[in-house]
Amino acid sequence: MFRLNLPSYEIKIRGTSEKPEIFDFLRRRYVALTPEEWVRQHFVHYLVEHKGYPQGLMCNEKELKIGQKKLRCDTLLYNKDMRPRMIVEYKSPTVALTQKVFDQITAYNLILHVDYLIVSNGLLHFCCRMDYASHSYSFIEKIPDYSSL
């Protein structure tokens, strides 16, 4: 797999070379190992192990509905009252983080109204804080620690 701009962790992989799987500790099961999943698992471990995010307040592949259309949010962080607080969108390391990617996460946020949006391809990471009072957002340099949210 790809070398990422994220800390490594104790990776659990099984399956065959044609159908490898990686363990998703949030979903508590093995899932297909794709380049995007490689990024997701590294990023989620980074948030939990290095940034202090509570594993119990996070979920992967959260289904959202807009009318009849079903979408899947890559990772969602909740606050202690189970209100959505942060959306993280992942792409493969070979995918550029274009306006289209930001439009995708913005569509999810039309439903969820979170405080933070993060986009990562494992090499580059962008985080922005929403300001609903002024109808704006600002990019922040570093992914915040959970304690500072």
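Predicted model: local features only at pLDDT ≥ 70, side-chain atom pairs only at ≥ 80, totals over all residues.
Six strands come together in an open sheet with mixed pairing, in the order β4-β5-β6-β7-β8-β9. At the edges sit β4 (58–66) and β9 (136–140), each of which pairs on one side only. From one strand to the next, the twist averages 35°. As a reminder, strands of a sheet pair through backbone hydrogen bonds, either parallel or antiparallel.

Strand β5 covers residues 69–78 and β6 covers residues 84–90. Here are the two pairings, both antiparallel, side by side:

| Pair | Bridges | Residues between the strands | Positive phi |
|---|---|---|---|
| β4 and β5 | 8 bridges | 2 residues | G67, about 65° |
| β5 and β6 | 4 bridges | 5 residues | M82, near 65° |

How enclosed is β5 by the rest of the structure? It is largely enclosed, because 7 of its 10 residues are buried, where buried means under 20% relative accessible area.

**The helix on the sheet.** Helix α2 (residues 99–112) packs on the sheet and touches β4, β5, β6, β7 (116–120), β8 (125–131) and β9. The direction of α2 makes about 155° with that of β6.

L123 counts as partly exposed because its relative accessibility is 36%.

How values were computed:
Residues numbered from 1 in each chain as written. Heavy atoms only, no water. Pairing = 2+ DSSP bridges. Axes fitted to C-alpha atoms, helices over the stretch in contact; angles between N-to-C directions. Contact = heavy atoms within 4.5 Å. Buried < 20%, exposed > 50% of the residue type's maximum accessible area, 1.4 Å probe, protein only.
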